[in-house]
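This report covers a single protein chain.

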Amino acid sequence: MKDFVFKKKLGQNFLSDKNLLKAICADAGVDAKSEVLEIGAGAGSLTEVLSESAKKVVSFEIDRDLQEQLLGLGLSNVEFVFEDFMKRSMTEVESLFDGKFKVVANLPYYITTPIIFRLLEESEKVQSLTIMVQKEVAEKICSKVGDKDYGIPTVMTAFYGSAKITRIVSRHMFYPAPNVDSAILHIEIEKDKFVDIDKRQFSKFVKACFAMRRKTLFNNLGSLYNKTRLKEVLGEETLARRAESFSLDEFVELFKKCQSI
């Protein structure tokens with residue numbers, strides 16, 4: 001890899017610390033029965049460690065310049081896919097696995113959130129995500145009601161499962177070093193959490209609630225619903241609050257009530 005030219009536009013920051021890589025696998029609960037999806041193989045350091053513990057690994061890598069490096073690792077239980085994960089249909093991705101799978105990856109910073117929410121919203125087979133992300137993103141997803149970082153990503157991640165930061169990773173653990181620290185974010189999927197809720201409509205509702213952060217719920221939802229009916233159904237006290245003051249369960253109850261408007 002000494003002659004490899006790192007591509008900034010692809011967010012290429014590689015990890016090689018074996019202890020950290022093993023810790024990531026442990027955080028993900030990868031064992032001999034696990035099938036694993038990796039997005040962004042990079043130089044294959046994490047891929048190698050995953051292959052030592054998992055039954056099967058499917059690893060996507062968009063940079064074909066890494067093909068020789070990755071195939072040269074000789075990992076018999078790893079299938080490399082040299083394509084953009086975001087351009088493969090979820091049906092195609094899921095067909096690469098025998099059953100349910102875990103996601104374990106050092107995600108490129110520039111596309112972290114779209115990847116996370118694509119998996120949460122579209123996959124029926126993903127069990128968990130254990131991913132290296134920008135520390136700021138992890139903190140936003142794991143923030144508490146009322147925090148300045150509490151917002152749409154927090155609420156919608158909680159809608160699909162439970163998230164926690166398992167460890168903070170210094171920028172100096174990467175090569176080349178990025179400008180920010182990272183965190184290992186673990187999201188345990190709970191697909192049956194809200195089976196009676198239309199996921200797409202709920203997402204649209206939450207986004208509307210946070211449309212203008214400093215505005216009240218009444219001002220934000222007034223663009224979606226009749227204002228008179230809003231007051232009748234939710235009450236002026238509730239409508240006077242801001243979105244960041246509501247928990248996930250409260251958002252679900254608000255959404256259900258608004259279905260009658």
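## Strand pairing around β9

Strand β7 (residues 161-169) pairs with β9 in the antiparallel sense over eight bridges; two strands pair if DSSP finds at least two bridges between them. Strands (E, at least two residues) and helices (H or I, at least four) are DSSP runs, numbered from the N terminus. This is a predicted model, in which local features need pLDDT of at least 70 and side-chain atom pairs count only at pLDDT 80 or more, while totals for chains, interfaces and linings use all residues. Residues are numbered from 1 along each chain as its sequence is written, and side-chain values use heavy atoms, with hydrogens and water left out.

Strand β6 also pairs with β9 in the antiparallel sense. Ser182 of β9 is the bridge partner of Val169 and also stands opposite Gln134.

| Strand | Residues | Bridges to β9 |
|---|---|---|
| β6 | residues 126-134 | seven bridges |
| β7 | residues 161-169 | eight bridges |

Strand β9 itself, residues 182-189, is mostly covered, with seven of its eight residues buried. Buried means under 20% relative accessible area, exposed over 50%, and partly exposed in between (1.4 Å probe, protein chains only).

## The chain as a whole

The protein chain holds twelve helices and nine strands. Its C-alpha trace spans about 65 × 40 × 30 Å along the principal axes. Of its 261 residues, 48% count as buried. The accessible surface (Shrake-Rupley method, 1.4 Å probe) comes to about 13,000 Å², and carbon and sulfur atoms hold 47% of that area.

Among contacts (heavy atoms within 4.5 Å) with a separation of 6 or more, 66% join residues 24 or more positions apart.

The average pLDDT, the predictor's confidence in each residue from 0 to 100, is 92 for the protein chain, and 93% of the residues score at least 70. Residues 1-12 have a pLDDT below 50, although this stretch has 28 contacts in the model beyond near neighbours in sequence. Where pLDDT is low, the predicted coordinates should not be read in detail.

## Thr47

Helix α2 (residues 45-53) contains Thr47. Is Thr47 buried or exposed? Thr47 counts as buried because its relative accessibility is 0%. Apart from neighbours within four places in sequence, Thr47 is in contact with Glu38, Ala41, Val57, Ser59, Leu75, Val78 and Phe80.
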